[in-house]
Amino acid sequence: MTSRHRSSESTAPVLADAPSPAPRRRTVVKAAAATAVLAGPLAASVPAQAVTQAPAFLHGVASGDPLPDGILLWTRVTPTPEAIPGSGLGPDTEVSWTVARDRAFTDVVAQGSTLATAAFDHTVKADIRGLRPATDYWFRFSAGGTDSPVARTRTAPAADAAVTGLRFGVVSCSNWEAGRFSAYRHLAARGDLDAWLHLGDYIYEYGTGEYGTRGRTVRPHAPAHETVTLADYRLRHATYKTDPDLQALHHRAPVIAIWDDHEIANDTWSGGAENHTEGAEGTWAARQAAAKQAYFEWMPVRPALAGTTYRRLRFGRLADLSLLDLRSFRSQQVSLGNGEVDDPDRTLTGRAQLDWLKAGLTASDTTWRLVGTSVMISPFAIGSLPASLLKPLAKLLGLPQEGLALNTDQWDGYTDDRRELLAHLRANAVRNTVFLTGDIHMAWANDVPVNAGTYPLSPSAATEFVVTSVTSDNLDDIVKVSEGSVSSVAAPLIRAANRHVHWVDTDRHGYGVLDITAERAQMDYYVLSDRTDSAATSTWARSYRTRSGTQRVERAYQPV
């Protein structure tokens, strides 16, 4: 998500969907020495007694990237009290894992162990194979006589299974300092998710108080300064993983995650970022490498070749899910007015990734083709918004605040890639493509027109469901007015200028639940009563669906 901030201060593509290799042996990177800055904020964010007892599993456990026969398990062990994330301190520690078909662990199906080392911040991954499809499992880790929490996970259906339904939680944009993660708590409480999708901005890189909190830091993160080094990114990930609601969701279902810009730096592109000053903040290559290393250490994600997040998962014959990396290969964002957004030499996806996506969508034999994208693919014209809203909306989107029509950090800034992809869908009669999107801190339900200028006469090539932010500022937060007051003015004007937009809510925080059957894919949108309240309630707001074969969105009048 774009927000302009400035302090004073080619990777290889995925070429196939082959199973990942066994857990890798990674090269040693020496972290910075521990300091009081590292120790203080993190120690304050976990129970005092936990810090003095070691080994301990202070950051919970997690699972991700479900396969029909496997699941990726994750944890971080704190072997000694001084082994704070990012410190580089702490002894090598043997960590074992156990996987069972029952919560009591009477029917154990997999066991193993590995060495957690400071070289990888004492994080552990276990890629378990040989499991049954579409099956619930329970797992835990152990070290030095201490057991981790017990967590549930679930494998994907067999590739050729006739699946009757799937249900995914969908979230994006979770800024620690802006509020509490009640959205995660409500998703965890459901107990009916096959998995949950995080569509980017799982963490934010800014220094304390520098980004989107309505002028109030609800809870300070660590480190207090902007994340630049490997130690910084490790500690920021660790801080987020102490949140009890985030831990609860990780303990209930596997996550499927992609990164956006804030896992690295605002408005990341292949050669830099808006929120990076070359030299003063080191080299971009070093910062990007540090951010990506910390991400793969701290997230239950199977890295694709050369450390990208684009990959594909399959859920029987009902759906496959193509997950995009829209930061590693993109050209630099441009300003509007000079025609460069249409330049065919500029790219959002990179050539190899776009070819991979097109080929996968064409070859797919599933009913639904889901695409996880970190930025909105539907075109967006601001239209005739009043000046009182145009400037804050431009600020939220990172646009020049004189009022130009597009957000060049989204697919709108790379129109040739979008044109090629949508033309491919039409030319090859690829149906039932649904884009699942985060980043923009608003909820949307869109058709994706081949030509927005002539829509609805122009056909719709796909549909798009965009989820709002978990906590990051939306439009009413920037304007600092009561929730709903901005959306009541802005939403009708946005829809008038964008006839393919069926619904937009500019003001509220929450999450989505995507439910899929052979007949339709439906997104239920839920909103939170107060992003700053750890006991915030959740309320169903709206539902939209797309029926098989239509490539268009329609309203549904109750959640599934």
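# Close-up views

**View 1. Leucine 313 has leucine 321, in strand 13, as its bridge partner.** The model is a predicted one, in which local features need pLDDT of at least 70 and side-chain atom pairs count only at pLDDT 80 or more, while totals for chains, interfaces and linings use all residues. Residues are numbered from 1 along each chain as its sequence is written, and side-chain values use heavy atoms, with hydrogens and water left out. Strand 12 is joined by five bridges to strand 13, which covers residues 319-323, and the two run antiparallel. Strands (E, at least two residues) and helices (H or I, at least four) are DSSP runs numbered from the N terminus, and two strands pair if DSSP finds at least two bridges between them.

View 2. Strands of a sheet pair through backbone hydrogen bonds, either parallel or antiparallel.

**View 3. Strand 17 pairs with strand 15 and with strand 16.** What is the sense of the pairing between strand 15 and strand 17? These two strands run parallel and are joined by four bridges, and within this pairing valine 434 has threonine 463 of strand 17 as its bridge partner. Strand 16 and strand 17, by contrast, pair in the antiparallel sense over six bridges, and here valine 448 stands opposite alanine 462 of strand 17. Seven of the seven residues of strand 17 are buried, so this strand is largely enclosed by the rest of the structure; buried means under 20% relative accessible area with a 1.4 Å probe, protein chains only. In the loop between strand 16 and strand 17 sits proline 456, which is joined to tyrosine 455 by a cis peptide bond with an omega of about 15 degrees.

**View 4. Threonine 437 is a residue of strand 15.** Is threonine 437 buried or exposed? With a relative accessible area of 0%, threonine 437 is buried. Not counting residues up to four places away in sequence, threonine 437 touches Leu199, Thr373, Ser374, Val375, Met376, Glu464, Phe465, Val466 and Val467. Although threonine 437 and valine 467 are 30 residues apart in sequence, their C-alpha atoms are 6.4 Å apart in space.

**View 5. Two aspartates have a positive phi: aspartate 65 and aspartate 201.** Aspartate 65 belongs to strand 1, residues 61-67, and its phi is near 50 degrees, a positive value in a residue other than glycine. This residue, aspartate 65, is buried at a relative accessible area of 1%. Aspartate 201 has a phi of about 60 degrees and counts as buried at 0% relative accessibility. The loop that holds aspartate 201 lies between strand 10 and helix 4, and proline 223 is placed in the loop between strand 10 (195-198) and helix 4 (230-240). The peptide bond from alanine 222 to proline 223 is cis, with omega near -10 degrees.

**View 6. The largest cavity has a volume of about 60 Å³.** A cavity is a set of points on a 1 Å grid over the protein atoms alone where a 1.4 Å probe fits but cannot get out, and lining residues have an atom within 4 Å of a point; its volume is the space filled by probe spheres set on the points, which are joined across faces, edges and corners. The lining of the largest cavity consists of Ala443, Val467, Thr468, Trp503, Asp505, Arg508, Tyr511, Tyr525, Tyr526 and Val527. Strand 18 and strand 20 (520-528) each supply at least two residues of this lining, and strand 20 gives the most, with three residues.

**View 7. The second largest cavity has a volume of about 40 Å³.** Which residues line the second largest cavity? They are Arg152, Leu187, Ala188, Gly191, Asp192, Leu193, Leu249, Arg252 and Ala253.

Terms used
1 Å grid on protein atoms, 1.4 Å probe; cavity = no way out; pocket = protein on both sides within 12 Å on 5 of 7 lines; lining within 4 Å. Buried < 20%, exposed > 50% of the residue type's maximum accessible area, 1.4 Å probe, protein only. Contact = heavy atoms within 4.5 Å.
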